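This report describes the secondary structure, the sheet and the helix contacts of the protein shown below.

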Amino acid sequence: MPDDISDALPDVLGSCRIEKKIGEGGMGSVYLGTHRTLGTSVAIKVLPKHIDLKDPEYSQRFSREARIAARLRHPNLVQVHDFGTEGGYYYLVMDYVEGPTCSQEVEQKGRLEWRRAVDIARQVADGLEYAASKGIIHRDVTPGNIILEPSGVAYITDLGLAKETTADATGLTRSGASLGTPYYMSPEQINSARDVDFRADIYSLGATLYHMVCGTVPYTGTTFEVMTKQVREPLPPPKDHVPDLPDEICDVIRKMMAKAPDARYASYDDLRQDLTSLLEGTPVSAAGFTDQSMVTPSMGIGASQMLDIAGAQTQLANPPAAHKKSTGLLIAVIVLGILLAAVVFLMVTRG
Ligand SMILES: Nc1ncnc2c1ncn2[C@@H]1O[C@H](COP(=O)(O)OP(=O)(O)OP(=O)(O)O)[C@@H](O)[C@H]1O
Ligand SMILES: [Mg+2]
C-alpha cells in the first residue's frame, strides 16, 4: 500500500491515536492505535485515498456495513468499535488481536496439522454463521483475514469492510477497492454475481482450509488463470500435496468448494456437524462427495468478461507463501544456471 497513507495520515483518527503501522493488505493499511480515553489497544484499518469518498454508493455501503458490523458480538469475530472519515480517509477501528494470521502460521510451518486446521475452520464457521444470521456476508474469507490468538481462539477479521461485489482481473473493483486475491474466491463471485449469499463464504472457507492443510492454494497461476480455474477446473485433490490426509477431510473440502452454491453445504449447521465429525472420527455427511455441478454451461466466465480479464494486468496481489517460495526457487535455479554457464564458458575459453 502506498506510503502516501502514512505520510498524510493524521495522528489522531476519531478517538484513537495512531501508534505504528502493523500491516497492509489489498484494502488498505492497518495501524496499532490507542484509544485516547480508555487507553486500550486498537487496530485501525485505513483505506487508501483513491477510494472515492464522493461515490455515494460506496460511502453509504461502507457506513451501513460498518454500523451493522459494530453491532455484532461473537467470540470468533474481531469486534468493530468505530468508523469514520478523516482527512479524506475512511477508517475502521477494531479490537487489536495479538497473534499471527493464519497465513503467517502456514508460511512459517509449511502447513498446519489437519486437526488444528479443522478446529480453526470450525471456529471461523461459527463466526460467519452468526454474521450471516445478521445479514452480513464476509466476501473475503482468506487465511490473511483469520488471526490466531495464542490461546487457540481463531478470529475472523475485516467483517463489515464494505467491498464491491464485482472485481475485474486486477482484483480491483469499480471504486478501486480491492476485493482481495482470487485464490479463495467463489465461482459466483468471479462471475460478478452481485447477490452472493453465505455459500460464497463457505467456498472461501473451503479454499482456506485447503491452503491450511496442503500448504498451498488450490489453484495457482496468473489472476486470469486462477479465476478461470475457480470457475471451471475440478479441484486438484488435496492428497496430491499431502498423501496421508484422511479421505473424509478431502470430501468435506470438496463439498465446501463445489462449483455451484446449491451443491455445497446448505447451512453452517450442516458444515459444523461435518467439521465436528472430522475431529471426533465419526462419519461425515460429505463422504464420497463428487461435484456434480462441475462444468455446467452456466458456470463459464462470460465472453465479455473473458476479454476484460485477458486484457487486464495479470499480476496477483498478495501472492500466498507457497507462490512466493516457488518464485524464489525459480530465481535460484536461474542464477545457478548462469553461474554454471559462466564456469563452462571460462573452462572452454581458457582450455
Ligand atoms: N484486528 C487486528 N488486530 C491485529 N492485527 C491485525 C488486525 N487486523 C489486521 N491486522 C494485521 O494487519 C495485517 C494486514 O491486514 P489487512 O486486512 O490490511 O490485509 P490482509 O488481511 O492481508 O488482506 P485483505 O485486504 O484481503 O484483508 C494482517 O496481516 C495482520 O497482521
Ligand atoms: Mg484483512
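## Pairing within the sheet

Ala 43 stands opposite Met 94 in S6, and this pair belongs to the antiparallel pairing of S4 with strand S6 (residues 89–95), which extends over five bridges. The model is a predicted one, and in it six strands form an open sheet in the order S1-S2-S3-S4-S6-S5, with antiparallel pairing. Strand S1 (12–13) and strand S5 (80–86) stand at the edges with a single partner strand each, so that one side of each is left without a neighbour in the sheet.

Helix H2 (residues 56–71) lies across S5 and S6, and its direction runs at about 160 degrees to that of S5.

## The two hairpins

Strand S2 (residues 16–25) pairs with strand S3 (residues 28–35) in the antiparallel sense over eight bridges. These two strands form a hairpin with two residues between them, and Gly 25 has Gly 28 in S3 as its bridge partner.

S3 also pairs with strand S4 (residues 41–46), again in the antiparallel sense, over six bridges, and here Gly 33 stands opposite Val 42 in S4. The hairpin of S3 and S4 has five residues between the strands, and in this hairpin Gly 39 takes a positive phi near 75 degrees.

## Helices H4 and H6

The axes of helix H4 (residues 114–133) and helix H6 (residues 198–214) come within 10 Å and cross at roughly 165 degrees. An angle over 145 degrees counts as roughly antiparallel, and H4 and H6 are therefore roughly antiparallel to each other; H4 passes H6 in a right-handed crossing.

On the H4 side, the residues that meet H6 are Trp 114, Ala 117, Ile 120, Ala 121, Val 124, Ala 125, Leu 128 and Ala 132, while H6 contributes Phe 198, Asp 201, Leu 205, Leu 209, Met 212 and Val 213. By class, this contact of H4 with H6 has 13 nonpolar residues, no polar residues and one charged residue.

## Helices H8 and H9

Helix H8 (residues 247–256) and helix H9 (residues 268–280) have axes that come within 10 Å and cross at roughly 165 degrees, and the two helices are therefore roughly antiparallel to each other. H8 passes H9 in a left-handed crossing.

In this contact, Glu 248, Ile 249 and Val 252 of H8 meet Asp 274, Leu 275 and Leu 278 of H9. The residues of the contact of H8 with H9 divide into four nonpolar, no polar and two charged.

## A loop residue, Glu 149

Is Glu 149 buried or exposed? Glu 149 lies in the loop between strand S7 (146–148) and strand S8 (154–156). A residue counts as exposed if 12 or fewer other C-beta atoms lie within 10 Å of its own, and Glu 149 is exposed because it has 12 such atoms within 10 Å.

Leaving aside residues up to four places away in sequence, Glu 149 touches Val 97, Glu 98, Gly 99 and Tyr 155. The C-alpha atoms of Glu 149 and Pro 100 are separated by 7.3 Å, although these residues are 49 residues apart along the chain.

## The protein as a whole

The protein has 11 helices and eight strands, and buried residues make up 41% of its 351 residues. Among the contacts with a separation of 6 or more, 68% are accounted for by residues 24 or more positions apart.

Methods: Residues are numbered from 1 along each chain as its sequence is written. Chains are lettered from A and ligands numbered from 1 in the order in which they are written. This is a predicted model: local features need pLDDT of at least 70, side-chain atom pairs count only at pLDDT 80 or more; totals for chains, interfaces and linings use all residues. Axes are lines fitted to C-alpha atoms, for helices over the stretch in contact, and angles run from 0 to 180 degrees between N-to-C directions. Helices (H or I, at least four residues) and strands (E, at least two) are DSSP runs, numbered from the N terminus. Angles under 35 degrees count as roughly parallel, over 145 as roughly antiparallel, 65 to 115 as roughly perpendicular and the rest as oblique. A crossing is left-handed if the near helix is turned anticlockwise from the far one by less than a right angle, and right-handed if clockwise. Two residues are in contact if their C-beta atoms, placed from the backbone, lie within 7 Å. Ala, Val, Leu, Ile, Met, Phe, Trp, Tyr, Cys and Pro count as nonpolar, Asp, Glu, Lys and Arg as charged, and the others, Gly among them, as polar. Two strands pair if DSSP finds at least two bridges between them. A residue is buried if 20 or more other C-beta atoms lie within 10 Å of its own, exposed if 12 or fewer, and partly exposed in between; C-beta atoms are placed from the backbone.
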